[in-house]
Amino acid sequence: AIPLVAQLTTAIGARRGILVRDRAALEEARDIDVVLFDKTGTLTTGKQGLVRVVPTPGGADAGEDALLALAASVESKSEHPIARAIVDAARQKELGLDPATAFQSLAGRGATATVAGRTLTMASARLVTERGIRLDPALIHGARELAPDGATLVYLIDETAGTGPEEARVLGMFALADTIRPESVEAVALLRKRGIRVAMLTGDSHEVANWVAGRLGITEVFAEVLPGQKSDVVARLQAEGSKRVAMVGDGVNDAPALARADLGIAIGAGTDVAIESAGVVLASSDPRGVADTITLSRASYRKML
Ligand code: ADP
Ligand code: MG
């Protein structure tokens, strides 16, 4: 019986490129109650593309290209996928960028820098709300009309005069779209069929998170979770009736949650930090590998009589 099980597990493991970094983590897989999926880069490809630039109507930096050049100048020092998409779009249009100084990344919220003597911030909807900055209804309307469903919206704000609601000026908005991995629907369904609870854990806005979740049949969503808080969500679920939690992620921001989970699964195309924090790596980046990992674990550790 042992060689048969060994053959079976190797075959399942190889099918979707499951790399086991930690045998103990694989053993945990058979008893998982909840699977938490990161969104960007895990359920989606994470390859953001800039789809819209919407200047604030009547604003001083009225042109789309002028706005994009300013945003790309700020983002030129950031490694975030949104930043890369904005810089790539500016390069493709051969826009001239100004050097950015005093660059600062605002974890899970955006980035800020000094460009041509102005303090500019690329801000998430969350940061805009936190700072009490009022968005022009025409800009919100423009976003609804022009941005595709599920797009992530980022705002460019001039904070030269200050960060408060009276001083900050919203120059415009950028819409970025990511693609849901075609395998994600089945990845969720396979887990559900086994009676495993599936949830999403993301730093992105509630709106985008709910839209992607809806497409995948995920009903439990933790959105606008800051990088440092992802592992707290894992801990909270673990504490709920001592649930065994698996976390699946790709980013630097997922690493503490991957380490904290009973089973951490990293996407192969993810960052090194995520891979080093995980017990299992999905080499082919196919999220269906999560269900396969559970099958593999159950086959490997089934009691043999
Ligand atoms: P996720 O958990 O889905 O992988 P992140 O925690 O990396 O997402 O980012 C959360 C949000 O923070 C993004 O959706 C974006 O709105 C904002 N953000 C973070 N960094 C930047 C940046 N450099 N430029 C623009 N927006 C950013
Ligand atoms: Mg991610």
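**View 1. What sits over the buried residues of helix H8.** In this predicted model, the elements covering the buried residues of H8 include S2, helix H3 (39-43), strand S9 (197-201), helix H9 (206-216) and H13. The residues being covered are Ser184, Ala187, Val188 and Leu191, buried in a helix that spans residues 184-193. They take up an arc of only 95° around the axis, so they end up on the same side of H8. Just past the end of H8, look for Gly195, which has a positive phi of about 80°.

**View 2. The open sheet, strand by strand.** Seven strands line up here in the order S1-S13-S12-S11-S2-S9-S10, and the pairing is mixed. Strands S1 (18-20) and S10 (220-222) are at the edges with a single partner strand each, so one side of each has no neighbour in the sheet. Ignoring direction, neighbouring strands are turned by 20° against each other on average. Helix H13 (residues 289-301) packs on this sheet, where it touches S1, strand S2 (34-38), strand S11 (245-249), S12 and S13. The direction of H13 makes about 55° with that of S1.

**View 3. Strand S11 and its two partners.** How many of the residues of S11 are buried? The strand is mostly covered, with 5 of its 5 residues buried. Val245, Met247 and Gly249 point one way from S11, while Ala246 and Val248 point the other way. S2 runs parallel to S11, and 4 bridges join the two. Across that pairing, Phe37 stands opposite Val248 in S11. S11 and S12 also run parallel, joined by 4 bridges, and in this pairing Val248 stands opposite Ile265 in S12.

**View 4. Strand S12 meets strand S13.** Moving along the sheet, S12 (residues 263-267) and S13 (residues 280-282) run parallel and are joined by 3 bridges.

**View 5. Helices H4 and H5 crossing.** Helix H4 (residues 64-75) packs against helix H5 (residues 81-92) at an angle of about 130°, and their axes are 8 Å apart. That angle makes H4 oblique to H5. The crossing of these helices is left-handed. Which residues make the contact? From H4 they are Leu68, Ala69, Ala71, Ala72 and Glu75, and from H5 they are Ala83, Ile86, Val87, Ala89 and Ala90.

Definitions and conventions. Residues numbered from 1 in each chain as written. Chains lettered and ligands numbered in written order. Predicted model: local features only at pLDDT ≥ 70, side-chain atom pairs only at ≥ 80, totals over all residues. Pairing = 2+ DSSP bridges. Axes fitted to C-alpha atoms, helices over the stretch in contact; angles between N-to-C directions. Contact = placed C-beta atoms within 7 Å. Buried ≥ 20, exposed ≤ 12 C-beta atoms within 10 Å, placed from the backbone. Arc of directions from axis to C-beta. Parallel < 35°, antiparallel > 145°, perpendicular 65-115°, else oblique. Left-handed = near helix turned anticlockwise from the far one by under 90°.
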